[in-house]
Amino acid sequence: MNTKEIRRAARIILVGAPGVGKGTQAERLMKRYPQLSAISSGDLLRESVRKRTQLGLEVESTMKAGSLVPDDMILKLILGELQSKRWVSYQSSITGAFLAEPSKSPDASFILDGFPRTAIQATKLDSLIPINLVVSIITPVNIILSRIASRWVHAPSGRVYNTGFNAPKVEGKDDITGEPLTKRADDDEATWKQRLKKFDETSEPLLEHYERQGVLWTVQGNSSDEITPKLFQEFEARFT
Ligand code: ADP
């Protein structure tokens, strides 16, 4: 497939229940548009846990329980990532806390998966980079639940597989590196239900926030394969 042009910068957020396939859609968009890059807050947090960083040690039990990491911690993590990718510029500060300057001419195209998740996080992000498309992905919860059991991940990259409909080429192995696939620590049914509860509590104010800005777009489907063509079509209409 030819590399496709992006006419104007795409600054996209994916919102959806845990296991709805946000990571899968992000991967597919990046494959089709190699100019796009993505930040997944869940992947960043899991990497911190794996590497046993200070933040990782602090958030591990919260994540295992399916609760949300405190806003200040996630904001610091994401801000650091946005700065290291130069999507926002640095402003020197003694604390290094949340002082970053809004990007003056944001021309990077990117996808944020899993962040922002609360209206507070969204408001903070607004002051740094204006988002121009929020994709709300909707799939019936009984369908998501049945998929979670067959979800496997390549932890170092965050690549996601499903033995039902998106199986790895070799069973139990990552397609790119051949390394072993594992289960996510929070992918058991009870924890998933807790994550869903948190999503239900926080997503309404979050989506309303973006609805008011006129950037919300909703897509429904029973599978990632059903959703992807609709997402590509919408992306093309807006950005290519
Ligand atoms: P999912 O969307 O499938 O629940 P993620 O990989 O996006 O999974 O997130 C996994 C966990 O990481 C969440 O349950 C939560 O504990 C934490 N987390 C991720 N992103 C955020 C965020 N923006 N705010 C607070 N906690 C977060």
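This is a predicted model: local features need pLDDT of at least 70, side-chain atom pairs count only at pLDDT 80 or more; totals for chains, interfaces and linings use all residues.
Residues are numbered from 1 along each chain as its sequence is written, and side-chain values use heavy atoms, with hydrogens and water left out.

The largest nonpolar core holds 57 residues, among which L82, V135, Y210 and F235 touch the most other members. A nonpolar core is here a set of buried Ala, Val, Leu, Ile, Met, Phe, Trp, Tyr and Cys residues joined through side-chain atoms within 4.5 Å. Buried denotes under 20% relative accessible area, exposed over 50%, and partly exposed the range in between (1.4 Å probe, protein chains only). Beyond its neighbours within four places in sequence, Y210 is in contact (heavy atoms within 4.5 Å) with I13, P116, A122, L125, D126, I131, V134, V215 and L216.

P116 is located in the loop between strand 5 (110–113) and helix 5 (119–126). Helices (H or I, at least four residues) and strands (E, at least two) are DSSP runs, numbered from the N terminus.

Positive phi values occur at two arginines. R52, which is not a glycine, has a phi of about 55° and is found in the loop between helix 2 (41–50) and helix 3 (54–64). With a relative accessible area of 49%, R52 is partly exposed. For R86, phi is near 65°; this residue belongs to the loop between helix 4 (71–84) and strand 3 (89–90). R86 counts as exposed, at 69% relative accessibility.

Helix 2 and helix 3 pack with their axes 8 Å apart and at an angle of about 115°. Helix 2 is therefore roughly perpendicular to helix 3. Axes are lines fitted to C-alpha atoms, for helices over the stretch in contact, and angles run from 0 to 180 degrees between N-to-C directions. Angles under 35 degrees count as roughly parallel, over 145 as roughly antiparallel, 65 to 115 as roughly perpendicular and the rest as oblique. In this packing, G42, L45, R46, S48 and V49 of helix 2 meet L55, G56, V59, E60 and M63 of helix 3. The contact residues comprise 5 nonpolar, 3 polar and 2 charged, where Ala, Val, Leu, Ile, Met, Phe, Trp, Tyr, Cys and Pro count as nonpolar, Asp, Glu, Lys and Arg as charged, and the others, Gly among them, as polar.

Helix 2 also packs against helix 4, the axes coming within 11 Å and crossing at roughly 100°. These two helices are therefore roughly perpendicular to each other. Helix 2 contributes S41, L44, L45 and S48 to the contact, and helix 4 contributes I74, L77, I78 and E81. Of the residues in this contact, 5 are nonpolar, 2 polar and 1 charged.

In helix 1 (residues 22–32), the buried residues are K22, T24, Q25, A26, L29 and R32. Their cover includes strand 1 (11–16), strand 5, strand 6 (133–138) and helix 8 (224–239).

Q220 lies in strand 9 (residues 216–220). Apart from neighbours within four places in sequence, Q220 is in contact with I138, I227 and K230. Q220 and F165 are 55 residues apart in sequence and 18 Å apart in space, C-alpha to C-alpha.
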